[in-house]
Amino acid sequence: MNNGYIQADLLGRVRGLKFGMLALQQISMEAQRLGSILGSSVDLAMVPVIVYWGLFNNCYIKREDPDFTFEDVVQFVDDHVNEPERFTPIVQCLYQSKLIAGEPQAEDAKGKKKVRPDA
């Protein structure tokens, strides 16, 4: 499990992407709108959404104004769609982040979730 942060060469330079609560909320809303399910695989249409909100969330946390638009990100992904090695680590970072993977849990005798003491 990671902290939901990764750096990648996107839009002409190395940029940070952070998959925090803001990004997860927006990605989930867009997935619902597109009828996509966030799971072990990703619909191709979700890649620009994931990249954009990871970039945007990082700017938000750092209190920086984004120097990109959603359209810029979509065009970049379209232009590099044949380079999965560019986007796979980003998607993996999202799915391995604490917000998606969660903390290990176990059920007690009554079937209620509880945090495992050995976690």
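Which residues does Ile 90 touch, not counting residues up to four places away in sequence? I looked this up first.

**Entry 1: conventions.** I noted that the model is predicted, that local features need pLDDT of at least 70 and side-chain atom pairs pLDDT 80 or more, and that totals for chains, interfaces and linings use all residues. Residues are numbered from 1 along each chain as its sequence is written, and side-chain values use heavy atoms, with hydrogens and water left out.

**Entry 2: Ile 90 and the core.** I found that Ile 90 touches Ile 6, Ala 8, Leu 10, Leu 17, Phe 19, Ile 50 and Val 51; contact means heavy atoms within 4.5 Å. I then looked up the largest nonpolar core, which has 27 residues. Such a core is a set of buried Ala, Val, Leu, Ile, Met, Phe, Trp, Tyr and Cys residues joined through side-chain atoms within 4.5 Å. Buried means under 20% relative accessible area, exposed over 50%, and partly exposed in between, with a 1.4 Å probe and protein chains only. The residues with the most contacts inside this core are Leu 10, Leu 17, Phe 19, Ile 27, Val 51 and Ile 90. Two or more residues each come from strand S1 (5-10) and helices H1 (21-34), H2 (47-62), H3 (70-79) and H4 (84-96). Helices (H or I, at least four residues) and strands (E, at least two) are DSSP runs, numbered from the N terminus. H2 gives the largest share of the core, 8 residues. In soluble globular proteins, nonpolar side chains tend to be buried together.

**Entry 3: aromatic rings.** I recorded 6 aromatic pairs. Rings of Phe, Tyr and Trp (its six-membered ring) pair if their centres lie within 6.5 Å; planes under 30 degrees apart count as stacked, over 60 as edge-to-face and the rest as tilted. Tyr 52 and Phe 68 are edge-to-face, at 5.8 Å centre to centre and 85 degrees between the planes. Tyr 52 is in helix H2 and Phe 68 in the loop between H2 and H3, 16 residues apart. Tyr 52 is buried at 12% relative accessible area, and Phe 68 is buried at 7%.

Why is the pair of Trp 53 and Phe 56 edge-to-face? The ring centres are 5.1 Å apart and the planes stand at 65 degrees, so the pair is edge-to-face. Trp 53 counts as buried at 17%, whereas Phe 56 is partly exposed at 23%. Ring pairs link Tyr 52, Trp 53, Phe 56, Phe 68 and Phe 70 into a cluster.

**Entry 4: Gln 96.** I located Gln 96 in helix H4; its C-alpha atom is 7.2 Å from that of Gly 4, 92 residues apart along the chain.
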